Amino acid sequence: MEISAKVIAEHLGGEIVGDPEAKASSVARIESGRPGTLCFLANPKYEHYLYTCKASIILINKTFEPREAVSATLVKVDNAYEAVASLLDLLNALKSERRRGRAFSSRVAWTAKLGKGVYVGAMAYIGKKSRIGKGSQIYPQVYIGDGVTVGENCIIYPGVKVYKGCRIGNNCIIHAGAVIGSDGFGFAPTADGSYKKIPQTGIVTIEDDCEIGANTVIDRSTMGTTLIEKGVKLDNLIQVAHNVTIGSNTVIAAQTGIAGSTKIGRSCMIGGQVGFAGHIHVADKAMIGAQAGIMADVKEEGATLMGSPAIGHKEYMRAYAVFRRNGRGSKNQ
Amino acid sequence: MEISAKVIAEHLGGEIVGDPEAKASSVARIESGRPGTLCFLANPKYEHYLYTCKASIILINKTFEPREAVSATLVKVDNAYEAVASLLDLLNALKSERRRGRAFSSRVAWTAKLGKGVYVGAMAYIGKKSRIGKGSQIYPQVYIGDGVTVGENCIIYPGVKVYKGCRIGNNCIIHAGAVIGSDGFGFAPTADGSYKKIPQTGIVTIEDDCEIGANTVIDRSTMGTTLIEKGVKLDNLIQVAHNVTIGSNTVIAAQTGIAGSTKIGRSCMIGGQVGFAGHIHVADKAMIGAQAGIMADVKEEGATLMGSPAIGHKEYMRAYAVFRRNGRGSKNQ
Amino acid sequence: MEISAKVIAEHLGGEIVGDPEAKASSVARIESGRPGTLCFLANPKYEHYLYTCKASIILINKTFEPREAVSATLVKVDNAYEAVASLLDLLNALKSERRRGRAFSSRVAWTAKLGKGVYVGAMAYIGKKSRIGKGSQIYPQVYIGDGVTVGENCIIYPGVKVYKGCRIGNNCIIHAGAVIGSDGFGFAPTADGSYKKIPQTGIVTIEDDCEIGANTVIDRSTMGTTLIEKGVKLDNLIQVAHNVTIGSNTVIAAQTGIAGSTKIGRSCMIGGQVGFAGHIHVADKAMIGAQAGIMADVKEEGATLMGSPAIGHKEYMRAYAVFRRNGRGSKNQ
C-alpha cells in the first residue's frame with residue numbers, strides 16, 4: 001500500500017515542498033530512511049540526518065527551515081511528531097488485531113459477565129461476579145480476581161494480575177506482568193520486635209484512558225481506594241503504594257516509586273527513578289527530573305525540581321557546578 | 001454488622017470520651033469519615049481533619065489532647081494505629097476467604113505432596129517432589145518448581161514463580177509476580193571479551209512469617225542459600241541478589257536493591273530505592289533513608305544513614321544545606 | 001561422587017600444594033568449608049577465612065601467597081573464580097535437566113514450528129507462525145506471541161512474556177517474569193491536556209548468548225527494533241525503553257533504567273540502579289558506578305563515571321569528600 005505526499009498533506013492539513021507524487025509504503029527512522037519510506041524530523045538533535053536521508057517523504061514542523069538541500073519531498077505540518085502518530089493510527093486501523101471469543105482453556109466463573117465482543121485468551125482466569133466491558137481484550141494467562149470491573153475496549157496483556165474488587169475504566173491498556181491491587185505495605189511493630197500485618201481492605205481504581213506499563217505494581221488501599229485518575233500514563237516497573245492518588249493526565253517514567261498516601265497533582269511530568277516520600281502533596285503540573293527525591297510537599301504549580309532531596313532545577317544545577325568544581329582540586333576550600 | 005464504642009473500648013482496653021452507644025459499621029479514612037463509620041488519627045499531620053470529621057467513632061492515642069471540639073465519640077487507646085489493625089483483623093476473620101481443593105486445570109506432579117486443606121488454583125503448576133504444607137493457598141497460575149518446600153498457612157498469590165529446590169517457611173505471604181530462586185548474576189570474563197556463566201547451584205530459603213511484595217525478585221545462591229530470615233517484610237519490586245542474607249524482622253521498602261553476598265542485620269528499617277553494594281555487612285537496627293547508596297560496611301548498631309555514598313543523617317542534611325546554599329548564587333565561592 | 005585434588009589440578013591445569021589425594025564431593029563457600037568440600041578464594045577480602053577453613057581442597061590464584069598455614073590442599077590456578085565455574089559446569093553436565101516434549105495443557109498454534117528436542121511446558125502459549133529452534137526449553141506459563149522467533153538451545157523460564165514479532169537468538173536465557181516487546185512509552189500531548197498514544201510498531205531483537213534477568217522489561221521500538229546485541233547480560237528488574245541499543249558483551253546490574261533511543265556501547269560495565277537519559281550515546285567499555293545518572297553523551301572509551309549528573313569517578317569522590325566535610329560543621333563556609 002503506497003501513499004503519496006499529496007494524500008498525506010491533505011490528510012494532515014500540511015504543505016508540500018517538492019514532488020507531490022512522491023510515494024511511501026512504510027515508515028522508517030530518519031537515520032535509516034530508504035527510498036519508498038516516510039520519515040519525520042521532530043527532535044532538532046537529528047537535523048543532520050535530514051540532509052543525507054534517502055527517504056521519499058519527510059514530515060517536518062512548519063517552523064523548521066532546512067539549512068541545506070534535502071532530497072526528499074517535505075510535508076510541513078504543525079507538529080511532525082503528532083502527525084506521524086496520526087498516520088500510524090491510520091495504518092494500524094487497516095490491519096487491526098482485535099480478537100474475539102473465549103478460549104476453551106480459559107477459566108471464567110459462572111457469575112462473571114462478559115460484554116459483547118470480549119476476547120478471553122487461553123489459560124486466562126476470571127473470578128466470581130467480575131464484569132468485563134464490551135470489546136475488551138483479555139490476553140492469555142491474565143488473572144482477574146473476584147468482583148473486578150474492567151470497562152470497555154480495554155487491552156489487558158498476558159500475565160497481568162488484578163486482585164479482587166479492583167476497578168478499571170474504559171479504554172485502558174495494561175501491559176504484561178503488571179500487578180493491580182496487591183496488599184499495601186503496612187505493618188505495626190509489636191513488643192517483641194516482630195511486625196503485625198495491617199489488613200489492606202481497600203481497592204485500586206483506575207479511571208478511563210490510562211496506560212499502565214509492564215511489571216508496574218499498584219497496591220490496594222488500606223481502606224477506600226488507591227486512585228489513578230483519567231488519562232494517567234505510567235511506564236514500566238513503577239511502584240504505586242497504598243492510598244496514593246495520581247491526578248489526571250499525569251505521566252510518569254519508568255522505575256519511579258510513590259510511597260503511601262501521597263497525592264500527585266494533575267498534568268505532572270515525572271521522570272524515571274524518582275522517589276516520592278509518603279503523605280505528601282505534589283501540586284499540579286509539577287515537572288520532576290529523573291532520579292529526584294521528593295521528600296516534602298511541592299506547593300507551587302508547575303514547579304521544576306531536581307536532586308535528592310529535590311530543590312529547584314536551576315538552583316540544583318548551580319549547586320552541582322560548585323560541588324563539581326570542588327572535585328577538581330581547586331583551592332577555594 | 002454494627003459495633004458500639006463501648007464494645008470497641010472493651011475489646012481494645014480503651015477509654016471513651018462521648019457517647020458509649022455511638023455505632024459504626026465500616027471503617028473510613030479520617031478525611032472522609034461519614035456518620036456510621038469508624039476513623040482513626042495516628043499521624044498528627046492529619047489532626048485538622050479531626051475537627052471536621054463526621055464519623056461516629058474516632059480512635060486516638062491516649063497521649064493526644066484535641067485542641068478543638070470534636071463531634072465524634074472518641075476511643076482513646078495506647079496506639080491507635082495498632083488498634084485499628086486489631087479491629088480490622090476481627091472484621092476480616094468474620095469474612096475469611098480461605099479456599100480449599102485442587103482446580104482441575106492445575107498440574108500437580110504425582111510425587112508432590114499436598115497437606116490438609118491446601119488450595120491449588122486453576123492453571124497452577126507444582127513440580128516433582130515438592131511439598132505444600134497444610135492450609136496453604138496456591139493461587140491460579142503460580143509456578144512451583146521441582147523439590148520446592150512451602151510451609152503451612154502460606155498464601156502464594158497469582159503468577160508467583162518459585163524455581164526448583166527453594167524453601168519457604170510457615171505463614172509466609174508472597175505477592176503476585178514475585179520470582180524466587182532465579183539465577184544469581186554471575187559471569188566470569190573470558191579472553192575474547194565475552195562472559196561465561198557461573199552456574200548458580202544454590203537455593204533461596206525464606207523463613208517463617210515473611211511477606212514478599214509483588215514483582216520482587218530473590219536470586220538463588222551460587223552455592224548454599226540466599227537467606228531471608230524469620231519475620232522479614234519486603235515491599236514490591238525489590239532486588240535481592242545471590243548469597244545475600246537479610247536478618248530477622250528487617251523491613252525494606254519498595255525498589256531497593258541488594259547486591260551479591262551482602263548481609264543485612266536484624267530489625268533494620270530500610271527506605272525505598274536504596275542500593276547496597278556487594279560483599280558488605282550492615283549492623284542490626286540500622287535505619288537507612290530512601291535512595292541512599294550503602295557502599296561500605298555499616299558497623300554501628302542503629303546507625304541512621306542517608307545519601308550516596310551514605311553518611312550520617314544529620315551530617316548529610318547539614319552538608320546538603322551548604323550544597324543548596326551554593327546554588328543560590330552566594331558569594332562564598 | 002568424589003574428585004581428588006590431582007584430578008582437579010589436571011582438569012584445570014593447576015598446581016598442587018599439599019596432599020594430591022585429598023578428596024571433595026561438594027562445593028562450599030570459604031566461610032563454611034567442612035572436610036570433604038572444595039572451596040575457592042577469589043576475593044582477597046575473604047583471605048582471613050583461608051586460615052581457618054576446614055575444607056579438603058581450596059582453589060586459589062597462582063599469584064596469591066598465603067601468609068599463614070593452611071590446613072587444606074591448595075590447587076593454584078590462573079583464575080580461581082573461572083576455575084570454579086568450569087568445575088561446576090562439569091558437575092552440572094552430569095546431572096543435566098534438559099526436558100523434552102510438549103505438555104498436553106500447553107497451547108501451540110497450528111502454524112507455529114517447533115524444532116527437534118524442544119520442550120514446551122504446561123500452560124505455555126505459542127502463537128501463530130512463531131518458530132522455536134531446536135533444543136530450546138519453554139517452561140510452564142510462558143507466553144510467546146504471534147510471529148516470534150526463538151533460536152536454538154534457549155531457556156525461557158516460567159511466566160516470561162514475549163510480545164508478537166520479537167526475535168531471540170541462540171543460547172539465550174530469559175528469567176521468570178521478564179517482558180519482551182511491550183509498547184514503548186510514547187505519547188503526544190494534545191490541546192486539551194490529555195495524551196495520544198503513539199503506536200509502537202517495531203520489535204525487540206535479542207542476539208545470541210544473551211541473558212535477561214527476572215522481571216526485566218524491554219520495550220519494542222516505535223519503528224525498527226530495540227536491539228540487544230550478542231553476549232549482553234542484563235540482571236533483574238531492568239528497564240530498557242524503546243529504540244535503545246545495547247552493544248555486545250555489555251553487562252548491566254539490577255534495577256538500571258535506559259530511556260528511549262539511547263545507545264550503550266560494547267563491553268560496558270554498568271552498576272545497579274543507574275539511570276540513562278534518552279537520546280544519548282555511551283562509548284564502548286564505559287564503567288558506570290551504581291546509582292549514577294547519565295544525562296549526556298559519554299564520549300571517552302573506558303570512561304569511569306559516578307554521581308548524578310555523573311562525572312568522573314575520582315572527581316566525584318573528591319567533590320563528595322568536600323561535601324561531606326561541610327556536613328561536619330567546619331568553618332570553611
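1. Helices (H or I, at least four residues) and strands (E, at least two) are DSSP runs, numbered from the N terminus. With that in hand, look at chain C, where strand 16 (residues 149-150) and strand 19 (residues 167-168) run parallel and share 2 bridges. T149(C) has R167(C) in strand 19 as its bridge partner.

2. Some housekeeping. This is a predicted model, so local features need pLDDT of at least 70 and side-chain atom pairs count only at pLDDT 80 or more, while totals for chains, interfaces and linings use all residues. Residues are numbered from 1 along each chain as its sequence is written, chains are lettered from A and ligands numbered from 1 in the order in which they are written, and side-chain values use heavy atoms, with hydrogens and water left out.

3. The pair in point 1 belongs to an open, parallel sheet of 9 strands in chain C, ordered 10-13-16-19-24-27-30-33-36. Strand 10 (113-114) and strand 36 (281-282) of chain C are the edges; each has a single partner strand, so one side of each has no neighbour in the sheet.

4. Chain A gives us an open sheet of 12 strands with mixed pairing, in the order 8-11-14-17-20-25-28-31-34-37-39-40. Its edges are strand 8 (101-102) and strand 40 (311-312) of chain A, each pairing on one side only. Inside that order, strand 34 (residues 269-270) and strand 37 (residues 287-288) of chain A pair in the parallel sense over 2 bridges, and I270(A) has I288(A) as its bridge partner in strand 37.

5. How are the chains related? Chain A goes onto chain B by a rotation of 120° with 0.0 Å of shift along the axis, at an RMSD of 0.1 Å (least squares on the C-alpha atoms of residues with pLDDT of at least 70 in both). That is the relation of a three-fold axis. Chain B can be laid on chain C by a turn of 120° and a shift of 0.0 Å, again with an RMSD of 0.1 Å.

6. Now the A-B interface. Here 70 residues of chain A contact 57 residues of chain B, contact meaning heavy atoms within 4.5 Å. Only 19% of the interface residues of chain A are also interface residues in chain B, so the copies meet through different surfaces.

7. Chain A and chain B bury about 4900 Å² between them, 56% of it on carbon and sulfur atoms (accessible area, 1.4 Å probe, lost on being put together and summed over both parts). On the chain A side, F185(A), Y195(A) and M223(A) lose the most area to chain B, together 15% of what that side buries.

8. For the charged pairs, 3 salt bridges turn up between chain A and chain B (a side-chain nitrogen of Lys or Arg within 4 Å of a carboxyl oxygen of Asp or Glu). One to look at joins E315(A) and R324(B), at 3.0 Å from N to O. Helix 4 of chain A supplies the largest share of the side that touches chain B, 9 residues.

9. What about B-C? Between chain B and chain C there are 3 salt bridges, including E315(B) with R324(C), whose closest N and O atoms are 3.0 Å apart. Helix 4 of chain B brings 9 residues, the largest share of the side of chain B that touches chain C.

Conventions
Two strands pair if DSSP finds at least two bridges between them. Buried area is the accessible area (1.4 Å probe) that two parts lose on being put together, summed over both.
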